[in-house]
Amino acid sequence: ADTLEMAGWDTLFLGANSTTEKLMSEISGEHPDLLALSVSLVQNLPGLTVSIKEVRSVFPDLPILAGGYGLKDVGDDFFSGIPGPESETSMASIFR
């Protein structure tokens, strides 16, 4: 969030261990142009999937950027069960 703010973006940092409920509440109130999620640990990937699916179910057109060390070894198939534009699924291979 800090790097994006220094580049001129308006950001809202929810912090580590934010719940999906908190995330959904903030999206509803803030109406962001982009949602960026970061996962540091592989063990947190199931939570990332739950959060993205929930966001997609209510905000299907909101672009989502997922990154972080926890995603470094996952393949494109990790995102195959998550609904969204094809461009999001293929972004994983672009940035490897």
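A nonpolar surface patch of about 370 Å² is formed by Leu-4, Trp-9, Leu-34 and Leu-65 in this model, which is predicted. One of these residues, Leu-4, belongs to helix H1 and is partly exposed, its relative accessible area being 38%.

**Helix H3**

- Helix H3 comprises residues 45-58, and its 14 residues, taken at 1.5 Å a residue, should span 20 Å, which agrees with the 20 Å that separate its end C-alpha atoms.
- The buried residues of H3 are Leu-45, Leu-48, Thr-49, Ser-51, Ile-52, Val-55 and Arg-56.
- When the helix is viewed down its axis, these buried residues fall within an arc of 165°, so they line one face of H3.
- On the face of H3 that is turned away from the buried side, the exposed residues Pro-46, Val-50 and Ser-57 are found.
- Ser-51, which lies in H3, has a relative accessibility of 11% and therefore counts as buried, given that the cut-off for burial is under 20%.
- Leaving aside residues up to four places away in sequence, Ser-51 touches Thr-20 and Leu-23.

**Salt bridges**

- Side chains of opposite charge can pair when their charged atoms come close.
- Two salt bridges are found when the whole structure is searched.
- Lys-22 has a relative accessibility of 40% and so counts as partly exposed.
- Lys-72 forms a salt bridge with Asp-73, and the closest N and O atoms of this pair are 2.8 Å apart.
- Within this second pair, Lys-72 is partly exposed at a relative accessible area of 41%, whereas Asp-73 counts as exposed at 64% relative accessibility.

**Loop between H1 and H2**

- Asp-10 lies in the loop that runs between helix H1 (2-6) and helix H2 (20-30).
- With a relative accessibility of 80%, Asp-10 counts as exposed, because the cut-off for that class is over 50%.
- Although Asp-10 and Pro-32 are 22 residues apart along the chain, their C-alpha atoms are separated by 9.4 Å.

Conventions. Residues are numbered from 1 along each chain as its sequence is written. This is a predicted model: local features need pLDDT of at least 70, side-chain atom pairs count only at pLDDT 80 or more; totals for chains, interfaces and linings use all residues. Side-chain values use heavy atoms; hydrogens and water are left out. Helices (H or I, at least four residues) and strands (E, at least two) are DSSP runs, numbered from the N terminus. Buried means under 20% relative accessible area, exposed over 50%, partly exposed in between (1.4 Å probe, protein chains only). Contact means heavy atoms within 4.5 Å. The expected span of a helix is 1.5 Å times one less than its number of residues. The arc is that of the directions from the helix axis to the C-beta atoms. Patches are made of residues with over 30% relative accessible area and no salt bridge: like charges are joined within 9 Å, nonpolar side chains (Val, Leu, Ile, Met, Phe, Trp, Tyr) within 5 Å. Accessible areas come from the Shrake-Rupley method with a 1.4 Å probe; for residues, only the protein chains shown count as cover. A salt bridge is a side-chain nitrogen of Lys or Arg within 4 Å of a carboxyl oxygen of Asp or Glu.
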